[in-house]
Amino acid sequence: MSPVFDCRDREQMLAGMRQARQAIARGEVIVLPTDTVYGVAADAFSHDAVRGLLTVKGRSRQQPPPVLVGSAQALPALVEQVPEAVERLVERFWPGALTIVLPAQPALTWDLGETRGTVAVRQPDHPITLELLAETGPLAVSSANLTGKPAATDASSARRMLGDSVSLYLEDGPVKTGVASTIIDATSLVPGRGEPAVRVLRLGAISRGELREVLGDLLEDDPEEATP
């Protein structure tokens, strides 16, 4: 049986974090808490690990996972360019529930799936996950559930869905909100990639109103709100 470590207990937390680091280094998949929902995590730079994560989720390469980072300073190493508007978004919403899609740094040798040359990046607002990221580096992370099922909001619900398909579970009680991150596409803000605009791909914990406070007219209008 895949062990569950209750990180609310210091001894279990220390043991769980140590085993989590070792599992990531071996290219295995683990479950961890974030500020939004629980996630399945694997080494973003290991093709086999990412493939294992997609298998756990029941996903194909056409649904590549986002990448979590431990600090905003890691973003420039993963993307081609960080536009000024994205810097403002990062300053306002990171660490937090905003995932930003940008053109990936072409020099990186990784394979997250069919990304079309982009990467979705987020810095989560959870101390345990941030501590793990500081030691492992960027992790490919997707919600801890089988595709088509509700995202897990605690380790127990993740375990009921995923069982022994992951190496271990880090438990830290129910998540704060249970609402997934908002995902935006900011690729066109990089020069040479079309008319600059930011598109909301998935509306989550960060509202369109909050985004517009930072982006102004750079945020595309919601088609459903457009006047006929």
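This is a predicted model: local features need pLDDT of at least 70, side-chain atom pairs count only at pLDDT 80 or more; totals for chains, interfaces and linings use all residues.

Residues are numbered from 1 along each chain as its sequence is written, and side-chain values use heavy atoms, with hydrogens and water left out.

Q: What makes a space a pocket and not a cavity?
A: Both are sets of points on a 1 Å grid over the protein atoms alone. In a cavity a 1.4 Å probe fits but cannot get out. A pocket is an open set with protein on both sides within 12 Å along at least five of seven lines. The largest pocket here holds about 800 Å³ of space. That volume is the space filled by probe spheres set on the points, with grid points joined across faces, edges and corners.

Q: Which residues line the largest pocket nearest its centre?
A: Pro64, Pro65, Pro66, Ala120 and Ile183 do, out of 34 lining residues. A lining residue has an atom within 4 Å of a point.

Q: Which strands supply at least two residues each of that lining?
A: They are β5 (98–103), β6 (118–122), β7 (139–143), β9 (182–185) and β10 (199–202). The largest share, 4 residues, comes from β6. Strands (E, at least two residues) and helices (H or I, at least four) are DSSP runs, numbered from the N terminus.

Q: Why are α4 and α7 called oblique to each other?
A: The axes of α4 (residues 84–93) and α7 (residues 208–215) cross at roughly 130° and come within 9 Å. Axes are lines fitted to C-alpha atoms, for helices over the stretch in contact, and angles run from 0 to 180 degrees between N-to-C directions. Under 35 degrees is roughly parallel, over 145 roughly antiparallel, 65 to 115 roughly perpendicular, and the rest oblique. The pair is therefore oblique.

Q: Why does the pair α1 and α5 count as oblique?
A: α1 and α5 (residues 127–136) pack at about 45°, with axes 11 Å apart. Therefore this pair is oblique as well.

Q: What is the hand of the crossing of α1 and α5?
A: Right-handed. A crossing is right-handed if the near helix is turned clockwise from the far one by less than a right angle, and left-handed if anticlockwise. α4 also passes α7 in a right-handed crossing.

Q: Why is Ser2 called buried?
A: Its relative accessible area is 7%. Buried means under 20%, exposed over 50%, partly exposed in between (1.4 Å probe, protein chains only). Ser2 sits in the segment before β1 (4–6).

Q: Why is Gly27 called partly exposed?
A: Gly27 has a relative accessible area of 25%, so partly exposed is the label. Gly27 is in the loop between α1 (10–25) and β2 (30–32). Its C-alpha atom is 6.7 Å from that of Ala42, 15 residues apart along the chain.

Q: Why does Gly148 count as exposed?
A: Its relative accessibility is 77%. Gly148 lies in the loop between β7 and α6 (155–162).

Q: What makes the phi of Arg116 stand out?
A: Its phi is near 55°, a positive value in a residue other than glycine. Most residues other than glycine have a negative phi. Arg116 is in the loop between β5 and β6, and at 83% relative accessibility it is exposed.

Q: Which residues does a cis peptide bond join?
A: Trp94 and Pro95, with omega about -10°. Most peptide bonds are trans. Pro95 is in the loop between α4 and β5.
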